Amino acid sequence: MDAAVHKKVRVATTSLAGCFGCHTSFLDIDERLFDLLELVEFDRTPLTDIKEIGRCDIGIIEGGLCNAENVHVLREFRRQCRILIAIGACAINGGLPAQRNHLSLPLILEEVYHTSVGLANGLIPNDPELPLPLSKVRPLHEVVKVDYFIPGCPPPADAIWKSLMDILGGREPALGHGLIQYD
Amino acid sequence: MSYHLETAAQPANLRRVAIDTVSRVEGHGKVTILLDAQNQVRQVRLHIVEFRGFERFIQGRPFWEVPVMVQRLCGICPVSHHLAASKALDQVVGVKHLTPTAEKIRRLMHYGQMLQSHALHFFYLASPDLLFGFDSEASRRNIVGVAAAHPETARRGVLLRKFGQEVIRATAGKRVHGTGSIPGGVNKALTQEERALLLQDIYQIVGWSRDAVQLIKQLHLQNPALYNSFGICRSNTMSLVGQDGGMDFYHGRLRARDGSGGVLFDGVDYRDYSRHIQEEVKPWSYMKFPFFTAFGKKNGWYKVGPLARVQNCDQIPTPLAEAERREFVDYCGGVPSHAPLAYHWTRMIEMLHAAETIKDLLHDDDIVGSDLVRTGERAMEGVGVIEAPRGTLIHHYRVDEDDLVTMCNLIVSTTHNNQAMNEAIRNVARRYLDGREITEGLLNHIEVAIRCFDPCLSCATHALGQMPLAVELLDAGGARVHALARNGDGSIGEAPG
């Protein structure tokens, strides 16, 4: 074995208030995953059993901020990751969940837990184990500095692949025509 | 209605252990376990901690946006929501029967989704536990570890999923969050090139799907004591079944069976779902607890998904999957299995059925047809029900004269399994954790039970709660300077401690 083994880049990912569509799109690199695994190792991600993030080179986050737990995890990621990437519409601008921002929380709460079709009882979940919701859904860069943004809902797998290959190759990531999309 | 191990009598005296967050599932779930001084389990809960509020903020949107918007409930099963919403809105635009091309394109999209979702779950999420052991080394217990130890298995998993995603791309326009299905039909059929490309690989895909059934069958048969009893949660079951009682993921009527397999209701038009199903709210989870109204909260809860569907139906209409179903049913001795680990075997049978059905649809000339949309007499309400990978999915909308949504009710697949998942983890906690020192491997046993259900926790929640709030003022050294708390009743006072 080569004595000067090239150290793998350590990558963590998470979905905050996301739908996992960006993670799905990441997995849409298909067999390129095996090539990627030559270069990176995973820290905390939905695919591994590491529950708390450690020191990482790259952190990739999909999903916006909907509750206090999301903010806590985001801050942990920023603290532990050299490079932080916001991926997808939700992380970048709040995305579809931010459609609730023009409504009041008590109103939504009332409707879903008291007047909704087919409810056997009306009560609002309030156990301390449940994270405190935010009054408005926010994007990531309002709370921490974000180094790169990959747009899309979700971004195409090729855009995610290009961005990662650029960063791993020591280049500033650039997406050309066809890889930048917002839908 | 509170079950055994749901609420401890005196929680203040108990020690809390948490799995935060459950890994190798879609979405965010947290398990809390309360133990007494003898390490006996006194309370186990699966908390679903997400809320987004789709049912509310979709109101006021034009109804034709809905099939595109609701996909953002979930990035793994967006097609389920795309099609359930489309089916509901077919009724709103007055279309009772789609054109042959439209129905087959939607079916192709849906069965493509079944294939990719089941492949993702089995190979990427569940296989590490099944291949390495539930308390195997944590750093290896993932798809990377599987790729290192079983490279061909991992490769096939990736390619099975890839094929399903390509079927979706050809029919929906994008792999994730496409736009192919619209109220009244579809907006695109397959081109001859797309059809030819998919036909090239489909036989290999059918073969690999069949191999996947053999793999899980082998794992199950090698360890029957574990697979047949781990996390047992006996319950009713529910699914759609097709015209002749056969398995049909896209359309059918509701059938429910009791724990022994006897029929509770059958042939139910799913537009009447609200007469048969009610939902209970508990304070400790954002996800509701559905039950069959006629049987009450205690006895009315039920399982959905592959274990329910394979055992609910009379037959599977494709030959290889049907042969596997018979073998499974014979293995269970003609009585229904309630073993969560049997979800994996039945999930792979469904994946094989999806592959065979895709093959049949690709050979059907209707899928390159040009008659795509129908119109009819406009109505004000629609219900769309479909069998998503994880279980029965219900979308219900009301639309006003201005074409805007005025009501939305969603019962998402994983929600139906809420009580079952809680029962399964209580069973596992009692059996594996009672009286023992808690290790990471033992906690993973709880997660293994949850993973059997392939939960889609993002889908399953729509609402939020009013929280007690504590505010702490810390100085630069982290020492607490002051603290206030808003209690659950809204009053504000000094925080304890």
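Predicted model: local features only at pLDDT ≥ 70, side-chain atom pairs only at ≥ 80, totals over all residues.
1. Concerning the overall dimensions of chain B, its C-alpha atoms fill a box of roughly 70 × 60 × 50 Å along the principal axes. The radius of gyration of chain B is 23 Å, which agrees with the value near 23 Å that a compact globule of 497 residues would have. The secondary structure of chain B comprises 16 helices and 17 strands, and buried residues make up 57% of the 497 residues in the chain. Of the contacts in chain B with a separation of 6 or more, 71% are accounted for by residues 24 or more positions apart.

2. Chain A has 183 residues, of which 46% are buried, and its C-alpha trace spans about 65 × 35 × 30 Å along the principal axes. Its secondary structure comes to 6 helices and 7 strands, and the elements run, from the N terminus on, in the order β-α-α-β-β-β-α-β-α-α-β-β-α. Among the contacts in chain A between residues at least 6 apart in sequence, 78% join residues at least 24 apart.

3. Within chain A, strand 3 (residues 56-62) deserves a separate remark, for it is mostly covered, with 6 of its 7 residues buried. Strand 3 of chain A runs parallel to strand 1 (residues 9-15) of chain A, to which 5 bridges join it, and A:Ile60 in strand 3 is the bridge partner of A:Thr13. Strand 3 of chain A is also joined by 6 bridges to strand 5 (residues 81-87) of chain A, again in a parallel arrangement, and here A:Ile61 stands opposite A:Ala86 of strand 5. In a regular strand the side chains alternate between the two faces of the sheet.

4. Turning to the contact between the chains, 60 residues are taken from chain B and 52 residues from chain A. On the side of chain B that touches chain A, the elements giving two or more residues are strand 2 (29-35), helix 1 (54-57), helix 5 (143-149), helix 6 (151-172) and strand 9 (277-280) of chain B. Of these, strand 9 of chain B gives the most, with 4 residues. The residues on this side of chain B divide into 25 nonpolar, 20 polar and 15 charged.

5. The largest nonpolar core holds 186 residues, and the members that touch the most others are B:Leu115 and B:Ile425. Helix 4 (residues 100-132) of chain B supplies the largest share of this core, with 15 residues. Leaving aside neighbours within four places in sequence, B:Ile425 is in contact with B:Val31, B:Val44, B:Leu46, B:Ile446, B:Ala449 and B:Ile450. Another core, of 5 residues, lies apart from the largest one and includes A:Leu109, A:Val112, A:Tyr113 and B:Val281. As a general matter, nonpolar side chains in soluble globular proteins tend to be buried together.

6. In chain B, 4 strands form an open sheet in the order 8-7-6-11, with mixed pairing. The edges of this sheet are strand 8 (263-268) and strand 11 (302-303) of chain B, each of which pairs on one side only. Strand 8 of chain B pairs with strand 7 (residues 253-257) of chain B in the antiparallel sense over 3 bridges, and B:Val263 in strand 8 is the bridge partner of B:Arg257.

7. B:Ser235 counts as buried because 20 other C-beta atoms lie within 10 Å, and the cut-off for a buried residue is 20 or more. Not counting residues up to four places away in sequence, B:Ser235 touches B:Gly259, B:Trp301, B:Tyr302, B:Lys303, B:His338 and B:Ala420. By contrast, B:Ala196 stands 39 residues from B:Ser235 along the chain, and the C-alpha atoms of these two residues are separated by 45 Å.

How values were computed. Residues numbered from 1 in each chain as written. Chains lettered and ligands numbered in written order. Contact = placed C-beta atoms within 7 Å. Nonpolar A, V, L, I, M, F, W, Y, C, P; charged D, E, K, R; others polar. Buried ≥ 20, exposed ≤ 12 C-beta atoms within 10 Å, placed from the backbone. Pairing = 2+ DSSP bridges. Rg over C-alpha atoms; globule rule 2.2 N^0.38 Å. Core = buried A, V, L, I, M, F, W, Y, C linked by C-beta atoms within 7 Å.
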